[in-house]
Amino acid sequence: MNLAQLGLGVAVAVGPLSAIAAILVPQRIRATAVGAGTAACGAAGAVSGICAVSGQTFSLALPALLPLSGVMVTVDTLSGVFLVVTGGVAVAAGIYGIGYARHGLDGRLVQAVFPLFVVAMLLVPVAASVGTFLVCWELMALFSLLLVLAEHQRRPEVAVAGRWYAVMTHLGLVAILIGLVVLAGNATGDSFAALREAARHLPPGVADVVFVVTLVGFGSKAGIVPLHAWLPRAHPEAPSHVSVLMSAAMVNLGVYGIVRVGFDLLGGGPRWWWLLVLVLGAASAVYGILQAAMSADLKRLLGYSTTENMGLVLVGVGAAGMFASAGNTVLAGLALAAALLHVINHAAFKTLLFLAAGSVLHATGSRDLDALGGLRTRMPATTAAFGLGALAASALPPGTAFVSEWLLLQALIHGLPASGVTTAIAMPVAVAAVALTAGLAVATFVKAFGVGFLARPRSAAAEKASESPVSMLVGMGLAGVGAVVLALAPTLVLPALGSVAARTVGSADSPTVVDGVTVRLAEVAGSLSPLMLAVALVAAIMLTVGVLRVVATRRARRAARLWDCGAGPLSARMEYTATSFAEPLQRVFDNVLQPETDVDVTHTRESSYLVEAVAYRRRVPDRIERRLYQPVLKLVSAWGRVGRRLATGSVHRYLGYGFYAVIAVLLVLAVTR
Amino acid sequence: MSDTTYVQLLDLACGGLLLTAVLVLWRRELVVIIGVFAAQGLALAALVEVLAVHEGSAELGGVAVGILVLRAGVLPWLLRRALAQAGPARRETRPLVNVAASLLAAALLTLLAYAVSQPLVTLAPSPATHAIPVGVTVFLIGFFVLFSRRRALSQLVGFLLMDNGITAVGFLTTAGVGLIVELGVSLDVLLAVLVLRILTTRMRETFGDTDLDELRELHD
């Protein structure tokens, strides 16, 4: 038994044990027990993943465990990457949950389901047969749904979010089921090895159908436009430590599915598959960050940012597929390595951001950026954590996302001369989309951090905020360490990721060469040293500040009142709010966003020339949702109304329908045979 | 056990199954119906036991014991308890379809079952597969009971009859449903009965009766 197997075994054992503990132990220590169990489970999963990435793979078949198909488990290097990400996120979320759950979330059900959700997520990437994969996938969906609904008695929006999530995740499951079953129908068995074998001689068209249908299913889990509608609803409404697991770990498994089916099971494919992935990814990235930039709800903003980042990852995956189909496997490996690195980086900074947002919610009871502000003095640790996360998410050096987006841009730019007209058009457009996304991300996170944490408090709740308990700070600290390490020393993970990506696209050698603290790209000119860059930046900033100080001390300094245009002391009402900060951007993207603005002017009774009050309301509805989902929902409800005529309320009538239907089918069988 | 004895015992058990199913349709008193249902559980257990002895499979023998305990013991006991709580209104008064018509329907359903199970029988002719139509008939009669009876308790019996039919077909076709499958199904049935019992009790507390036609008002 190697260490990968041991780690996975421990994770699978500890998770259910924590769930049992959640049911048995008294409420006082329940959150602690479950949090520790979940963290242990995640740590074991991460260890197993690290061993898998470094080459210790294993397979296991348990034919008796699941009727008809049996359970098959294989840990290979690709699943190892996702094991590490999921495990790492679970460690931070588990420890954070110890303090966060005291906030009225330490009921038996929620606490018992939490570790089970982690185990289900750990099992999805190691499943090695269609049956096992679908069971784990469904368990993951069900457990996460239960957790999303944890606070449904407190807020009615939770139930709405839960319904959206339940419907969309199950439609996604149906799509994946159809795709994999069609593929398995052409194979000798339902194990992934048999599917790989069968994919070599599939009838024409079948592979296309399988890929597109599974792309729909996995894309809906990854929150890809236009299947993202559940994500900005469910992720904010879930308890924050659950949002972390969903937003930093669960969505990645959608990407895993696309990579596993597209590259591994189907063995690559025609160029248009990957062009489709690339286009969807680019659209999601731009649309997601635009919506995030407009959002005034902190957790909703982070949810849309997840859509954006998954879009960037899919741009990388799509580019990798296009290069691979053109035969340039080294460049394909580079694009896929960039995508995988972005998965890891996104997990790190999104964990940090969601945990910090949860800490704010815990302290103030509000997610509305317009009602926050001034948290810096009262919650210094949370502010530092969110600031670090915002920097990491902004794709600016020395941020975490910068490294992976730089790699992605390198792959896209160097792919230009690769081959064909399609590539020549797609690559510059993709570069533009990634660059626009990066720019908007900076604006978004400046808004989230500046409006939410700096300046003066804009509500009584923000004024009375106090710092979160130690366990929550430890959770944030772990995520912060992860983000910093990934930002400064991506050279620690890149060699492993490079070889995983190279193996996945069928390339012989790794696309990146690590040289001390510098990353060099193989076959194309390009190198980056994040650590040196950070050191240089810090040195430059210190130099500038020092020079300014020296210059400034020549003149006498005096304290003076801040200039307030003579309008009396500055108040919190004069600050930028999230809405006002986003207004210029909203004007620029007016045609895309189509915001709804209401201005109500109330005049005084005496004269219509005098204004008593002005009320301004702005809403940015999700346009894709309105155009695409509303007609479908209308159709379904019209259908439902027709169906109600059949349902009179008599139980016997309903049973009669069933009985006569069975008899009719049997009669038809008996007559026509 | 010689082949002749095996076939005779198998036919006897299947005859018991069919007869008890028809008796459920014929009798109106709930107490009697529950007794008949218990007898059917016994017949089903005997059927599985005969198959087990014929194949010399200890696992199947264990399953037979399980079936005996659940279907001839636990389930009738639960039903009787529900009936005892129901009070004096013990007689099944007005079935939606009267007894004569019900028996006629049972005959037609039997014919249909024989017609549709022919392909299954010809697939692998053996004494066991020749008895498949009996299982299908029990299933169809159970469904008929489910939709033609008013009282919640007799509908419950219809549901259990359907399940007996499915189990019988399962054992007759494969001669060995996996132990896990049978265990799962049995647990499901037990759970369904418990839920329905609670539902019946609640209905009686709310409406003072378990006539399902009263539920029409709940229609959305």
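Reply: A:Cys565 sits in the loop between helix H20 (530–554) and helix H21 (578–588) of chain A. The model is a predicted one. The phi of A:Cys565 is near 60°, which is positive although the residue is not glycine. Most residues other than glycine have a negative phi, and most peptide bonds are trans. A:Cys565 has 7 other C-beta atoms within 10 Å, and a residue with 12 or fewer counts as exposed, so A:Cys565 is exposed.

A:Gln594 also has a positive phi without being glycine, here near 45°. This residue belongs to the loop between helix H22 (590–593) and strand E6 (596–603) of chain A. A:Gln594 has 11 C-beta neighbours inside 10 Å and therefore counts as exposed.

Helix H13 of chain A covers residues 329–364. Its 36 residues reach 51 Å from the first C-alpha to the last, close to the 52 Å expected at 1.5 Å a residue. H13(A) is mostly covered, with 35 of its 36 residues buried.

Two loops of chain A contain cis peptide bonds. One joins A:Val225 and A:Pro226, with omega about 0°; A:Pro226 is in the loop between helix H8 (206–222) and helix H9 (231–237) of chain A. The other runs from A:Pro397 to A:Pro398, with omega near 5°, and A:Pro398 lies in the loop between helix H14 (380–393) and helix H15 (400–414) of chain A.

Helix packing in chain A can be followed at H5(A) and H6(A). The axes of helix H5 (residues 130–148) and helix H6 (residues 156–185) of chain A come within 10 Å and cross at roughly 175°. An angle over 145 degrees counts as roughly antiparallel, so H5(A) is roughly antiparallel to H6(A). H5(A) contributes A:Val130, A:Leu134, A:Trp137, A:Glu138, A:Ala141, A:Leu145 and A:Val148 to the contact. From H6(A) the residues include A:Ala161, A:Gly162, A:Tyr165, A:Thr169, A:Leu173 and A:Ile176. The residues of this contact divide into 15 nonpolar, two polar and one charged.

In chain B, helix H4 (residues 99–116) has 18 residues, which should span 26 Å at 1.5 Å a residue; its end C-alpha atoms are 25 Å apart, in agreement. The buried residues of H4(B) are B:Ser102, B:Ala106, B:Leu109, B:Thr110, B:Leu112, B:Ala113 and B:Val116. They lie on the same side of H4(B), because they cover an arc of only 165° around the axis. The face turned away from the buried side of H4(B) carries the exposed residues B:Ala100, B:Leu104, B:Ala107 and B:Leu108. Both chains take part in covering the buried residues of H4(B): the cover includes helix H24 (651–672) of chain A, together with helix H1 (3–26) and helix H7 (132–148) of chain B.

Also in chain B, B:Leu187 lies in helix H9 (residues 179–207). B:Leu187 is exposed, with 11 other C-beta atoms within 10 Å. The C-alpha atoms of B:Leu187 and B:Glu55 are separated by 26 Å, and the two residues are 132 residues apart along the chain.

Conventions: Residues are numbered from 1 along each chain as its sequence is written. Chains are lettered from A and ligands numbered from 1 in the order in which they are written. This is a predicted model: local features need pLDDT of at least 70, side-chain atom pairs count only at pLDDT 80 or more; totals for chains, interfaces and linings use all residues. Helices (H or I, at least four residues) and strands (E, at least two) are DSSP runs, numbered from the N terminus. The expected span of a helix is 1.5 Å times one less than its number of residues. A residue is buried if 20 or more other C-beta atoms lie within 10 Å of its own, exposed if 12 or fewer, and partly exposed in between; C-beta atoms are placed from the backbone. The arc is that of the directions from the helix axis to the C-beta atoms. Two residues are in contact if their C-beta atoms, placed from the backbone, lie within 7 Å. Axes are lines fitted to C-alpha atoms, for helices over the stretch in contact, and angles run from 0 to 180 degrees between N-to-C directions. Angles under 35 degrees count as roughly parallel, over 145 as roughly antiparallel, 65 to 115 as roughly perpendicular and the rest as oblique. Ala, Val, Leu, Ile, Met, Phe, Trp, Tyr, Cys and Pro count as nonpolar, Asp, Glu, Lys and Arg as charged, and the others, Gly among them, as polar.
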